[in-house]
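Dear colleague,

I am passing on the structure we spoke about, with my notes on it below. Please read them alongside the coordinates.

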Amino acid sequence: MSVLLSSFARLALFLLAVFPSWVQCSSSESPMKRAPCPALPSSPQFSDTALPDPFTFLDGAAVTTLGAWTCRQAEVNSLFQINELGTKPPPPSTLTATLSSSNALAITASEAGKSITFTPTISFPTTGTAPFPAIIAFNGLSFPRPAGVALITFNVDDMAQQVNLASRGQGKFFTLYGANATASAMMAWAWGVSRIIDALEMTPNARIDTKRIAVTGCSRNGKGALVAGAFDTRIALTIPQESGSGGTDCWRLSDALQARGVVTQTASEIVQENVWFSRSFETFANTSVNMLPVDHHMLAGLVAPRALFVIDNVGIDWLGAESSFGCMKSARRIWQALGASNNMGYSQAASHDHCSFPASQQAVLTAFINKFLLGLSANTTVTETAGNYMFDTPGVWDPWNAPQLA
Ligand SMILES: *[C@@H]1O[C@H](CO)[C@@H](O)[C@H](O)[C@H]1NC(C)=O
Ligand SMILES: *[C@@H]1O[C@H](CO)[C@@H](O)[C@H](O)[C@H]1NC(C)=O
């Protein structure tokens, strides 16, 4: 018996040495591709005044199967890294994590002789049983903390600054990967979230169930929360709150709103304001967003079929809630194609102070928390707006066909 065990142990060690990814594949942050996928065209020319078709590859081939969809999702993931957000580096060569007695989780990442330590904090719930579900909140939570859920507060500015254009390349991420790394601040934060999940996976005494993790933030941090959810398939629930343009708004729809006289944040403004996007995005923002092979219905679509709940406020023009409405209504067709429409919802409440969560949205938020973090049954069919907006799907903005893939 002991001989058998030890040869099995030796085989396992051999497999670990030869195929280190052998143990990681069940919890990878990257989307799984199921089929041989088409290569990205080398210098793609793209132009579309409407929202690009999520179900057509850049080379023109149609997505008709679930396998092809996994390839298209990987393509869209690459397109966002190339054109908007910069490169998300893979896990660093070395990662260590230590939970202090005050529940600070010190995470040290090392690569090529450089090393950083960042320290999100965990606040455990007073009800429920370990391991707990958790919400990773960018610079804190902007809605009431749900019972039975741990709160992990992530200081995103420490990872990548977001003061103004001079923030480019500033923060711990850039200490590790160099000030010229292509990653935008938001992609640097997304990398940080993935390392938090790695750290939780390797620290059982942190008592977090990494299969039940949500990510959220409000306003600029809501834009970032959507990016984090899009770029780590281990995140069960993504909750961007009042994220506006650069978050759940579509660039093309925000430009149209602006043209109609609603003073809304646009791509051309955002690249002059801050470093949330990569330098490569300026090419589109400075000329025309119609050249972008993606828009944010497809950023949301990187989350699918995992859960996405979009919280909006119709009272602030700059947020472009009508753009978010059309963008998310279009995005929801991706979940429909995957047979998972109830994993995606949006709620746009009547005018209120920015990032002050109104009681009118509590029941629908609770439904998403209950279903996707607490494992309870709940009705998550939520497609509501206080804005009385009209947006036909399919329509002039999304004239494409959505196949039935599942
Ligand atoms: C970043 O790029 C600039 C311009 O090419 C160069 O002068 C600078 O040395 C680079 N910085 C780092 C940290 O590599
Ligand atoms: C975009 O426009 C701004 C302002 O004119 C300029 O500073 C920046 O270099 C431009 N970027 C590109 C890629 O053309």
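A contact here means heavy atoms within 4.5 Å. On that basis, residues 24 or more positions apart account for 69% of the contacts in the protein chain that have a separation of 6 or more.

This is a predicted model, in which local features need pLDDT of at least 70 and side-chain atom pairs count only at pLDDT 80 or more, whereas totals for chains, interfaces and linings use all residues. Side-chain values use heavy atoms, with hydrogens and water left out.

The mean pLDDT (the predictor's confidence in each residue, from 0 to 100) of the protein chain is 93, and 93% of its residues reach 70 or more. Over residues 1–26, however, pLDDT stays under 50, and the model has 5 contacts beyond four places in sequence for this stretch. Where pLDDT is low, the predicted coordinates should not be read in detail.

As for the overall form, the protein chain has a radius of gyration (taken over C-alpha atoms) of 21 Å, which agrees with the value near 22 Å that a compact globule of 406 residues would have, the globule rule being 2.2 Å times the number of residues to the power 0.38. Of the 406 residues, 53% count as buried, that is, under 20% relative accessible area (1.4 Å probe, protein chains only).

Turning to ligand 2, the residues around it, each with a heavy atom within 4 Å, are Gln272, Glu282 and Asn286.

Methods: Residues numbered from 1 in each chain as written. Chains lettered and ligands numbered in written order. Buried < 20%, exposed > 50% of the residue type's maximum accessible area, 1.4 Å probe, protein only.
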